[in-house]
Amino acid sequence: MNVRQWWRDLAMGARFAFTGGREGWVRMLLTGVGVGLGVALLLLTTAVPNALAVRHEREEARLDYTYGRTTQPRADDTFVIADTDTTFRQSEVRGRLVEPEGPRAPLPPGVGRYPGVGEMVVSPALKSLLASDGGKLLRKRLPYRIVGTIGEPGLVGSHELAYYAGAQGLAARIDHSQVNRLDHYGDPAPSTERADPVLVLLTLVVFVVLLMPVAVFIAAAARFGGERRDRRLAALRLVGSDSRMTRRTAAGEALAGSLLGLVLGAVFFLAGRQAAGSVEILDISVFPSYLNPSPLLVVLVAVAVPAATVAVTLLALRGVVIEPLGVVRAARPARRRLWWRLLLPVAGLAMLAPMLGQGRDQGNFNQYLVSGGVILLLVGVTALLPWAVETVVARLGSGSVAWQLAVRRLQLSSGTAARMVNGIAVAVAGAIALQMLFSGVDSVYTTQSANDVSRAQMQVSVPSGIPLAAAARKFARTPGVRRAEGLAGGELGDSGKDPRSSGELTVGDCRALREVAALPSCRDGDVFVLEGGQHDTPQLARSGRTLYFDPSYSGDRGAEIAWTVPRSMKRARSVEDPTNVRRSGFLMTPGALPAGAARTLYQYVYLSLDESVPEAKEYARNTAAEISPMADAAAWASTEQSKRFTSIRTGLLVGAACVLALIGASLLVSQLEQLRERRKLLSALVAFGTRRRTLGLSVLWQTAVPIALGLLLATTVGLTLGAVLLRMTSTPVRVDWASVLSMAGAGAAVVLAVTLLSMPPLFRLMRPDGLRTE
Amino acid sequence: MTPPPGSLLAAEDLRKAYGPTVALDGAAFSIHPGEVVAVMGPSGSGKSTLLHCLAGIVPPDSGSITYAGRELATMNDAQRSALRRSEFGFVFQFGQLVPELTCVENVALPLRLNGTSRREAERTALGWMERLEVDDLAKKRPGEVSGGQGQRVAVARALVTTPKVLFADEPTGALDSLNGERVMELLTDAARSTSAAVVLVTHEARVAAWSDREIVVRDGKSRDMERAV
C-alpha cells in the first residue's frame with residue numbers, strides 16, 4: 001500500500017464530508033460546530049494561565065506602596081500617592097490621589113500626564129459608569145473633572161473601575177500605609193509568593209474536571225452522522241473498496257470534520273475572546289489581548305483534536321462490519337466486561353493514595369499524580385457507564401408502550417445511550433467532588449466574621465486630624481444611618497521608648513464608650529480602667545504613674561506624649577464591642593486627653609444602618625468621602641471569604657454550567673440525528689395511530705434511564721473522589737448533600753431541556769412526509 | 001357528494017399538491033367491505049398520496065373522503081389517529097418494523113396502542129403470526145429475519161387489530177417474486193377471512209392480479225380498469 005493510495009482514500013473521505021447535498025452539509029456543520037465548541041473551550045483554557053499571568057504583571061507594574069517606615073526625601077522624581085479605594089455597590093473602585101513633586105516624577109502605567117488638582121483620569125469602565133444614571137451617587141463621591149482615560153497597561157481588566165485624581169499637600173499626610181512618597185511604580189524585585197498547595201490542588205482539579213467532559217464531547221461530536229456514513233461506506237465496498245480502504249475513507253471524513261471544527265473553534269475562540277472584554281465575573285474582567293494561548297498548547301490542540309476524532313471514528317468502526325450489501329452490526333455484541341473497566345478508577349485511586357493526609361503543611365502535591373489520578377477516576381466513569389447501562393437495562397421489564405419502546409431501544413444499543421450520557425456523568429462526578437472539596441475547606445477559607453452585624457453594619461476609619469465628633473455627627477445626619485458612634489484608639493506604654501509593657505486606649509464620648517464597656521457614670525474628662533478584657537494590664541493602671549502615648553520603637557519614632565494616670569480614674573467592666581471583642585486597657589473621654597495626643601490616635605466610626613433605605617451604604621460612603629477622600633468605609637458582612645477561593649468556586653460554577661450547556665447541545669444534536677435516521681419508522685408508527693404522547697414519552701425515557709444511571713454512577717465516583725481529595729488536604733470528610741443534589745439536578749435539568757427541545761423536531765418528523773418514497 | 005352505495009371507504013374529486021407538484025388532480029376511489037382494490041400507476045403518478053389521503057394520514061387540499069358514512073375532513077387529528085389505530089391496518093414496502101422490538105412485540109404494538117394488556121396483545125399477535133407462518137420468529141428482532149419474513153410480520157401487525165381496511169403500499173416492492181407471491185397470498189387470504197377491504201398500491205401487474213378490481217392513477221387522476229378475465 002503506497003502513500004498515494006492512502007492519500008486518495010483520505011481525500012475521498014474528505015470529499016464525502018463536504019458533498020451529499022443539504023443533509024451532508026448540515027451533518028458536517030453539526031460535527032464542525034461540535035468539535036469547534038470543544039476546541040474553543042480548549043483554547044480558552046490554554047489561554048487562562050496567560051491571562052492570569054498578564055493580570056498579575058499589570059498589578060505588579062502599578063504597585064504603589066512600600067512596607068518601609070522611613071520617608072524618602074522629596075526630589076524632582078518623587079511623587080506622593082494616597083490609596084483612596086472605595087466600593088460602589090458590589091464593585092471595587094481602585095482610587096489614588098497623586099501629587100508629583102518634580103518634573104521627573106514617573107507616570108503611572110497607562111496614564112499620559114498627571115491630573116491637576118481637582119482633575120482625574122479614569123478607566124473607561126468608570127467613565128461610562130459615571131456618565132450613566134446608575135453612577136450618579138458615585139459621581140458625588142468623586143467630584144473631580146475627568147481629563148483623560150487610563151490606558152490598558154494601567155488596568156488589570158476591561159471592567160476595572162479605577163481613577164487617579166490630582167491632589168495637593170499630600171506630603172503632610174504620609175503615614176507609610178495609606179499615603180506614601182515614591183520614585184517609581186511597580187515592585188523592582190517582585191516576590192514570587194509560594195502558592196497554597198491546597199489552592200493549587202483545587203485549580204488543578206478544576207481544570208481537569210472541566211476539560212474531561214470537553215474531551216468526551218469532542219468524541220461524541222466525531223460520531224455525528226455515523227449511521228449514514230456506514231451506509232455510504234457499504235456502497236463503497238460494493239464498488240470494490242476493501243475494508244482497510246473504507247476505514248481510511250472514514251478517517252478522511254472524520255479528519256475533514258475535525259479540521260472544519262478547528263477552523264470554527266478558532267473563530268469561536270476569537271469571537272469569545274473579543275466578547276470576553278465585555279464580561280465580568282466576580283469583579284474579574286480581562287482584556288481580549290490577555291487571552292493568548294501559548295503557541296505550544298495551540299499546536300497541541302491542533303494535533304490532538306484531529307487525532308482524537310480519527311481515533312474515535314476508527315474505534316467506532318471496530319464493532320461494525322461493513323459489507324458490500326450493507327452494514328452488519330453484531331446482533332448480540334459481546335457482553336461488556338467489568339474487570340478492566342474497574343481497573344481504571346482503581347488505578348486512579350492508587351495514584352492519589354500516596355498523597356492522602358499530606359495536608360496544607362506537607363508541601364506540594366505532585367501535579368502529575370493528581371491530574372493522572374483524577375483523569376483515571378473520571379475516565380473510569382466513561383468506562384463503567386456503558387457496562388452499568390447494559391447490565392441494568394437488560395433487567396428492565398416491560399411497561400407501557402412508551403416505556404417498552406425506550407427500554408427495547410436501550411437494550412439494543414445501550415452503548416449509544418451511554419456515550420450520550422458520558423459527558424454529563426463526567427462533568428457531574430467532577431463537580432460533585434470539587435463541591436465537596438470546597439465545602440470541606442470552606443472553614444479554612446471562609447472565616448466567620450467576628451463583627452456583630454446586628455449592632456453596626458459599617459466601620460469608617462477617619463484620618464487623624466479630622467475632628468471625630470463632627471465626623472460622627474455628619475454621619476448621623478446621612479440618609480440611611482441610624483446611629484454613628486465615633487471612637488479613637490491608641491497605645492499607652494510604660495516608657496517613651498521601647499516600652500516593656502503597654503496597654504490599649506479607647507477614646508470617645510460617654511455614649512460611644514458605652515459601646516465597649518459598662519460605665520458606672522460618665523462625663524467628659526473621665527478616665528476609666530477596663531476590667532474583664534482580653535489582655536488586662538493592671539500594673540499600668542496605678543494612679544500617679546506616668547504613661548506615654550504613642551511610644552517609640554527602634555526604627556519607628558512615636559510622639560511619646562507623657563500622661564499621668566489620674567487618681568479620679570474609675571473602673572469599668574468591659575463588654576463586647578461591635579467587633580465582638582472585649583477591650584482592655586483604658587477608656588478616656590476627649591476632655592481627658594493631654595494636648596497633642598489626639599493626632600496619635602486612629603479614629604473610626606461605627607455605623608448602624610437602616611437597611612430599608614435603598615443605597616444606605618452608598619450614602620454613608622459618600623459622606624465618608626466628603627469628610628476625607630482617605631476615609632475608608634468598610635461594609636461588614638456576616639462571613640468573609642478568601643477572595644481567591646471564592647473566584648475558584650465561581651469559576652467552577654460558571655465552567656460547569658458552560659460544560660453542561662455544551663453537553664446538552666451535543667445530546668440534542670445526537671438525539672435529533674437519531675430521530676432523523678428513524679424518520680420513516682416514526683411516520684409509519686404515526687400511520688397506524690401511535691399517539692404523539694407515546695413517542696414523546698419514549699424519547700424521554702430513552703434519555704432519562706441512562707441519565708439516571710449516569711447520575712447515580714457520577715454521584716458515587718464524585719463522592720469517592722471528593723472524599724479522597726479531602727483526605728489529601730487532611731480535612732474531615734463531610735458530604736455536602738445540597739451541592740450533590742444541585743449538581744445532579746443540573747444534570748437532570750439538561751436531560752429535560754434536551755427532551756423538550758427535541759419534541760418539536762420529533763413532531764415534525766412524525767409527519768406523513770416520511771412515508772413518501774418517490 | 002354521496003359515496004357509491006354500499007361502499008366502506010370512498011373518495012371524490014381529491015386534489016393534493018406538494019408545492020408546485022400536483023399529486024392528485026380530481027382522483028376518485030371507492031371500496032366495499034372484503035374487496036381488494038389495486039391502485040396502479042407509474043412512479044410519481046400519485047398512488048401513495050391517494051393511499052395516504054384515504055387513510056387520513058394526509059389531508060387532501062380539496063375533495064371528500066367518507067369512511068363508513070363519516071366525512072374524514074370533519075375529524076380532528078386525534079380522531080383520525082384513533083380511526084387508524086382501531087379500523088385501519090398498514091403494510092409498507094420495507095415493513096417499517098420497530099428494530100428494537102422483537103417480532104411478536106412489533107405485531108402486538110397496535111393492540112397495545114389501543115390499550116390491550118401486554119399479555120393479551122402478545123397472545124393475539126402470536127395467533128396472527130402463526131397464520132402468517134412466522135410464529136417461530138416471535139422472539140427474534142427484525143434485524144435477525146429475512147426481508148420476506150419481515151414483511152409477513154408486518155402483514156401480521158397490520159391485521160392484528162382485525163381492521164376494516166388494510167392499506168398496503170408496495171408490500172412486495174422489496175421482495176423477490178417467490179417471497180412476494182407468498183406474502184400476497186397470505187395477505188389476501190387473511191384479509192378475506194376477516195372481510196377486511198384491502199387498498200393495494202403497486203406498480204406490478206403480478207401483484208395487482210391478487211385484487212378484485214384495479215384503479216389506475218396517472219397524473220393525479222384515477223380511472224377504473226376493466227379486467228380481462
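At what angle do helix α9 (residues 339-352) of chain A and helix α10 (residues 367-394) of chain A pack, and how far apart are their axes?

## A helix pair in chain A

The two helices, α9(A) and α10(A), pack at about 160 degrees, with axes 7 Å apart. Axes here are lines fitted to C-alpha atoms, for helices over the stretch in contact, and angles run from 0 to 180 degrees between N-to-C directions. Helices (H or I, at least four residues) and strands (E, at least two) are DSSP runs, numbered from the N terminus. α9(A) and α10(A) are therefore roughly antiparallel to each other; angles over 145 degrees count as such.

By class, the contact of α9(A) with α10(A) has 19 nonpolar, four polar and one charged residues. Ala, Val, Leu, Ile, Met, Phe, Trp, Tyr, Cys and Pro count as nonpolar, Asp, Glu, Lys and Arg as charged, and the others, Gly among them, as polar.

## Basis of the model

This is a predicted model: local features need pLDDT of at least 70, side-chain atom pairs count only at pLDDT 80 or more, and totals for chains, interfaces and linings use all residues. Residues are numbered from 1 along each chain as its sequence is written, chains are lettered from A and ligands numbered from 1 in the order in which they are written, and side-chain values use heavy atoms, leaving out hydrogens and water.

## The sheet in chain B

Chain B has an open sheet of four strands, in the order β2-β1-β4-β5, with antiparallel pairing. Strands pair if DSSP finds at least two bridges between them. At the edges are β2 (21-31) and β5 (70-71) of chain B, each pairing on one side only.

Strand β4 (residues 62-67) of chain B meets β5(B) over two bridges, in the antiparallel sense. B:Tyr67 has B:Arg70 in β5(B) as its bridge partner. Helix α1 (residues 47-54) of chain B lies across β1 (9-18), β2 and β4 of chain B. This helix, α1(B), runs at about 60 degrees to β2(B).

## Where the chains meet

In chain B, 29 residues are in contact (heavy atoms within 4.5 Å) with 28 residues of chain A. About 2,800 Å² is buried between chain B and chain A, and carbon and sulfur atoms give 59% of this area. Buried area is the accessible area (1.4 Å probe) that two parts lose on being put together, summed over both. B:Glu100, B:Arg112 and B:Leu113 supply 22% of the area that chain B buries against chain A, more than any other three residues.

## Two positive phi values

Most residues other than glycine have a negative phi. A:Glu560 has a positive phi, near 50 degrees. A:Glu560 sits in the loop between β16 (546-549) and β17 (561-564) of chain A.

B:Glu133 also has a positive phi, of about 60 degrees. The place of B:Glu133 is the loop between α4 (118-131) and α5 (147-159) of chain B.

Terms used: Parallel < 35°, antiparallel > 145°, perpendicular 65-115°, else oblique.
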